[in-house]
Amino acid sequence: MTQNVKQQLNSMYVGFVFVYWGDDEKSCQLGTAKQKSLQQMKSFAKTIDKKNPVFDKIKSSVDEMTQSVSKQIMTDKSSNMVLDNKQKQQYKQFGQNQVATSKKNLQSIIEREQNSRHNNTLARQKEAVEKSKQQDMVAKRNAMQYRPTKTNEVSMGAKPSVMIERMDQRTLLQLLKERKMQNAA
């Protein structure tokens, strides 16, 4: 995907250069056409949703392109070249086709990544819900009150491990008296 994005961006840039260089109304130098094309590429990069996974790749590729082409415009002697009037229409037509094709391909990549991101988010949410359900079931299984018994009848349910004795009044008074004496000592 990464390589394809770069290829499409470069193809779009070349198309813009041909369109601006082949413009019938003005005799444009190659360096000027390149500069206008860079501005067009920056504008395109700004139109992409920042939440899209491809945004960072497109932005960094356009930034790299801007740096390298700016150096090229300043140092290359071909920047002063002007296109012959006979060839302008062919160059412009080629550039328009190139831009349209590249833009269409880039839009499909952007949409595919957006859908992929959306599907991944849904899958992660579904996975989190399933994991939560599994953890809940394990906790319920291990909890004391949820241990299964043979029946729902009270008489057949779980029995306490210590038998409770009934105390009569005399035994209770005897215990209290003994405790009072222990505390006094």
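The side chain of Thr75 lies 2.8 Å from the backbone oxygen of Lys71. The model described here is predicted. Thr75 belongs to helix 3, which covers residues 55-75.

The protein chain contains 5 helices and 0 strands. Read from the N terminus, the order of its elements is α-α-α-α-α. The protein chain has 185 residues, of which 26% count as buried. Among the contacts in the protein chain with a separation of 6 or more, 77% are between residues 24 or more positions apart.

Helix 3 was examined along its length and around its axis. Its 21 residues should span 30 Å at 1.5 Å a residue, and the end C-alpha atoms of helix 3 are 30 Å apart, which agrees. The buried residues of helix 3 are Phe55, Ile58, Ser61, Val62, Met65, Thr66, Val69 and Ile73. These residues are on the same side of helix 3, because they cover an arc of only 145° around the axis. The exposed residues Asp56, Gln67, Lys71, Met74 and Thr75 are on the other side of helix 3.

Helix 2 was treated in the same way. Helix 2 has 17 residues, and the distance from its first C-alpha to its last is 25 Å, close to the 24 Å expected at 1.5 Å a residue. Buried positions in helix 2 are Leu30, Gly31, Ala33, Lys34, Ser37, Leu38, Met41, Phe44 and Ala45. Seen down the axis of helix 2, the buried residues fall within an arc of 150°, so they line one face of the helix.

When neighbours within four places in sequence are left aside, Ile58 is in contact with Val5, Leu9, Ala45, Ile48 and Ile110.

Charged side chains were considered next. Side chains of opposite charge can pair when their charged atoms come close. The structure holds 3 salt bridges. In one of them, the side chains of Glu64 and Lys6 meet, with an N to O distance of 3.4 Å. This pair links distant parts of the chain, since Glu64 is in helix 3 and Lys6 in helix 1, 58 residues apart. Glu64 counts as partly exposed at 43% relative accessibility, and Lys6 also counts as partly exposed, at 27%.

Another salt bridge joins the side chains of Asp23 and Lys92, at 3.6 Å from N to O. Asp23 lies in the loop between helix 1 and helix 2 and Lys92 lies in helix 4, so this pair ties together parts that are 69 residues apart in sequence. Asp23 and Lys92 are both buried.

A further salt bridge is formed by Asp63 and Lys59, whose closest N and O atoms are 3.4 Å apart. Asp63 and Lys59 are separated by about one helical turn, because they are 4 residues apart in helix 3. Asp63 is partly exposed, with a relative accessible area of 38%, and Lys59 is partly exposed as well, with 40%.

One more pair of positions concerns helix 4. Asn85 is found in helix 4 and is exposed, with a relative accessible area of 59%. Asn85 and Gly22 are 63 residues apart in sequence, and the distance between them in space is 8.3 Å, C-alpha to C-alpha.

Terms used
Residues numbered from 1 in each chain as written. Predicted model: local features only at pLDDT ≥ 70, side-chain atom pairs only at ≥ 80, totals over all residues. Heavy atoms only, no water. Helix = DSSP H or I, 4+ residues; strand = E, 2+ residues; numbered from the N terminus. Polar contact = N/O pair within 3.5 Å; in protein donor to acceptor, adjacent residues only side chain to side chain. Contact = heavy atoms within 4.5 Å. Expected span 1.5 Å × (residues − 1). Buried < 20%, exposed > 50% of the residue type's maximum accessible area, 1.4 Å probe, protein only. Arc of directions from axis to C-beta. Salt bridge = Lys/Arg side-chain N within 4 Å of Asp/Glu carboxyl O.
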